[in-house]
Amino acid sequence: MALTLLIPCLVVAQTEPVTVTVAADTGGPALPEHFLGLSYESAMLLPVNGKFYFDPDNKALVNTFQTLGIKSLRVGANAVDDPKIAVPDVDDINMLFDFARVAGVKVIYSFRLKNGDPATSARLAKYITVHNADVLDCFAIGNEPSFYLKTFPEFYAQWKPHYDAILQAVPNAMFDGPSVAKDNLYAVDFANALAADGHLAMVSDHYYFLGSGRAGEKDPAATRARFLQNRLDADYEKDYAKVGAVLAAHGVPYRIDEMNSCYNGGAKDSSDTYASTLWALDCTHWWAAHHILGVNYHTGESVGRDGGFGAANYAAFVHEPDGHGFAMRPQAYAYLAFTQGAHGRSLGVDIQAATNFNFNAYAYRGDDGSYYVTLINKSHGGNASPAAVKLQLQQSAEAGTWQRMDLVQKDNDIAAKTNVMLGGSSVDANGLWRGKWKKVKHGNSSSVSIQVPPVSAAILHFTPKL
């Protein structure tokens, strides 16, 4: 008995059984080509000590965009309406669009609304169209105007002179707007006013789903736990119902052209941790499954925060201290994982799991008939459990092979800020990644059973034999 008391008690986490059934392909819309994007302050276009951030010769930045799968670049945000920030002009614009061309992205370009000059907007819009139409997505005017223009008539009275001036200079110009936050005031009103004109590329709004960054910093552990809760799906659904669903019913394209976890630059020790990786992967897939045009995660070396500008806790990547290359923050791996597992058309999934088990799954079918399924086990801490997943393809498939790629943090630590890997590899300072798929040995043409460890995600790829 004495010896028994001296033996440490080994606690083995209970495995949670999960069944994931992938719905048959009904031929729904394909994932838009430019779905995944980043959003930057327009101040990032301006040179610092003679050097431009968006430089087509910056191979590390070009590689990073291409590796992560970034296809949309929105510039604007708080800086576009800040009188202390210069309005970018021709030289700045040339560098941005030259970079976009090399990186393979389309640009949403914003002009100043608050105390802005419609003639300047029109001049620059014409220059962009003449020289860079091949990589231009559309124009936007202003940023989050609902903070200072409380009603749609107030907003429209200031916005329309810019719109009219740009159309006079560029008759075929297309627009994104109103880029509102604050309860998404007048996004639907904007669609109703512009849809008939034929110049509305998309309606947009902004979301920071986890609230205030400063509030989140008061209890980082609790904030990280909120990042990983399935109940966030209900928040997304509520927000989608207010705007996205209304626009979808009328066939109006909708994009969240600025979003991230916590506003005011994100929450230190939460938005910059591995918890944000699993949150952003889950969030991106949720919105993609609702067939919106895309999302642009706000990022950059400096963002609007706390009444000014400062470092972003939620940044996807930042310059290395020596200025050579980029250090990947954990959230960059969410974009990388999404890019690996989102191809073709989104499919419905049915998940059978314990109610309090924070687990989600998403599926796609590629144009080549292959299937991609992302399984995200967000359980952590005292509730951490491996998921024993039985995955079933409802639509019968021919014989083929299963592969998997895992998203992990080396120590399974949601508070960690480094050592995140996908497919056994991290992204280096030059923006290069060497992750690999691994064959799943036990799986047939319609089902496979695997384990997904806590605080990790597994991307499965089924390839039919030709």
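1. The largest cavity holds about 40 Å³ of space. A cavity here is a set of points, on a 1 Å grid over the protein atoms alone, where a 1.4 Å probe fits but cannot get out; points are joined across faces, edges and corners, and the volume is the space filled by probe spheres set on them. The structure has 1 cavity of 30 Å³ or more.

2. This is a predicted model, in which local features need pLDDT of at least 70 and side-chain atom pairs pLDDT 80 or more, while totals for chains, interfaces and linings use all residues. Numbering runs from 1 along each chain as its sequence is written, and side-chain values use heavy atoms, with hydrogens and water left out.

3. The residues lining the largest cavity (an atom within 4 Å of a point) are Phe227, Gln229, Leu232, Asp233, Tyr236, Trp279, Asp282, Cys283 and Lys378. H9 and H10 are the elements that give two or more residues to this lining. Helices are DSSP runs of H or I with at least four residues, strands are E runs of at least two, and both are numbered from the N terminus.

4. Helix H8 (residues 220-227) has Thr223, Arg224 and Phe227 buried, where buried means under 20% relative accessible area with a 1.4 Å probe, protein chains only. These residues lie on the same side of H8, because they cover an arc of only 100° around the axis, taken from the directions from the helix axis to the C-beta atoms. The buried residues of H8 pack against helix H7 (213-216), helix H9 (232-249) and helix H10 (274-288); contact means heavy atoms within 4.5 Å.

5. In helix H11 (residues 332-341), 10 of the 10 residues are buried, so the helix is largely enclosed by the rest of the structure.

6. Ala342 sits in the loop between H11 and strand S14 (345-347). Ala342 is buried, at 8% relative accessible area. Leaving aside residues up to four places away in sequence, Ala342 touches Leu31, His285 and Tyr364.

7. The largest nonpolar core has 109 residues. Such a core is a set of buried Ala, Val, Leu, Ile, Met, Phe, Trp, Tyr and Cys residues joined through side-chain atoms within 4.5 Å. Those with the most contacts inside the largest core are Phe54, Phe65, Tyr109, Trp287 and Phe317. H10 gives the most to this core, with 10 residues. A second, separate core of 23 residues includes Ala363, Leu391, Leu393 and Val452.

Key:
Buried means under 20% relative accessible area, exposed over 50%, partly exposed in between (1.4 Å probe, protein chains only). On a 1 Å grid over the protein atoms alone, a cavity is a set of points where a 1.4 Å probe fits but cannot get out, and a pocket is an open set with protein on both sides within 12 Å along at least five of seven lines; lining residues have an atom within 4 Å of a point.
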